[in-house]
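Student: Hi! Could we walk through this fold together?
Tutor: Happy to, here it is.

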Amino acid sequence: MTEPTADRPFIAHPEYGIPKDTKNLVDWSYVAERFRTERNYWVATASPEGDPHARPVWGVFVDEALCFGGGPKTRWSQNLVANPHVSLHLESGTEAVIAEGAVDRITDPTDPFLTKVDDAYELKYKMRHGPPVWVLRPDVVLAWTEFPKTMTRFRF
């Protein structure tokens, strides 16, 4: 995968003080490393009625995709079946990393990508996951290490 394009997000509120230049943008390598090493991802979904729902999940970063699992009866999994759009973020609000897009779901235990996901789970959590696994290849990622100075948008 080609590295995403980095720029500043458009913010309609000038009082946020987000710079207009491209100095101090966050490097994609920093974001990718955070996705690889952080233990918990927060997944935000919406029910078919539009009710918000957020939960922490374990996840791994494989081939530029965020992969996380959950039982098919969990509320957030059911939400994703009805509406596959998700916002996923790491735990820090100070050094924020937020990914957005639509997910796909792997349910086939013979899918070769699932082997990569399971290998990554085993390295990170000392266990294999198995299906089902949700896969987010983000449309956009927002990141900053010092708000608003380093606020960066990555587009794919």
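Tutor: Two terms to begin with: strands (E, at least two residues) and helices (H or I, at least four residues) are DSSP runs, numbered from the N terminus, and two strands pair if DSSP finds at least two bridges between them. With that in hand, a hairpin of 6 residues joins S5 to S6. This is a predicted model, where local features need pLDDT of at least 70, side-chain atom pairs count only at pLDDT 80 or more, and totals for chains, interfaces and linings use all residues. Residues are numbered from 1 along each chain as its sequence is written, and side-chain values use heavy atoms, with hydrogens and water left out.

Student: How many helices and strands are in the protein chain?
Tutor: The protein chain has 3 helices and 9 strands. Along the sequence they follow the pattern β-α-β-β-β-α-β-β-α-β-β-β. The radius of gyration (over C-alpha atoms) is 16 Å, close to the 15 Å from the globule rule (2.2 Å times the number of residues to the power 0.38) for 156 residues, so the chain is as compact as a globular protein of that length.

Student: Where does S9 go?
Tutor: S9 is joined to S8 (residues 140–144) by 4 bridges, running antiparallel, and valine 141 stands opposite phenylalanine 154. S9 (residues 152–155) also pairs with S1 in the antiparallel sense over 3 bridges, where threonine 5 stands opposite arginine 155.

Student: What does its side chain make a polar contact with?
Tutor: The partner is the side chain of arginine 155, at 2.4 Å. A polar contact is a pair of N or O atoms within 3.5 Å; within protein, one must be able to donate a hydrogen and the other to accept it, and residues adjacent in sequence count only if both atoms are side-chain atoms.

Student: New topic: which residues touch the most other members of the largest nonpolar core?
Tutor: Val31, Phe35, Cys67, Phe68 and Val117 do, out of 37 residues in that core. Helix H3 (residues 112–125) gives the largest share, 6 residues. Such a core is a set of buried Ala, Val, Leu, Ile, Met, Phe, Trp, Tyr and Cys residues joined through side-chain atoms within 4.5 Å.

Student: And H2, which residues are buried there?
Tutor: In H2 (residues 75–82), Trp76, Ser77, Asn79 and Leu80 are buried. They cover an arc of only 155° around the axis (taken from the directions from the helix axis to the C-beta atoms), which puts them on the same side of H2.

Student: Why would that spacing line up?
Tutor: An α-helix has 3.6 residues a turn, so residues three or four places apart point the same way.

Conventions. Buried means under 20% relative accessible area, exposed over 50%, partly exposed in between (1.4 Å probe, protein chains only).
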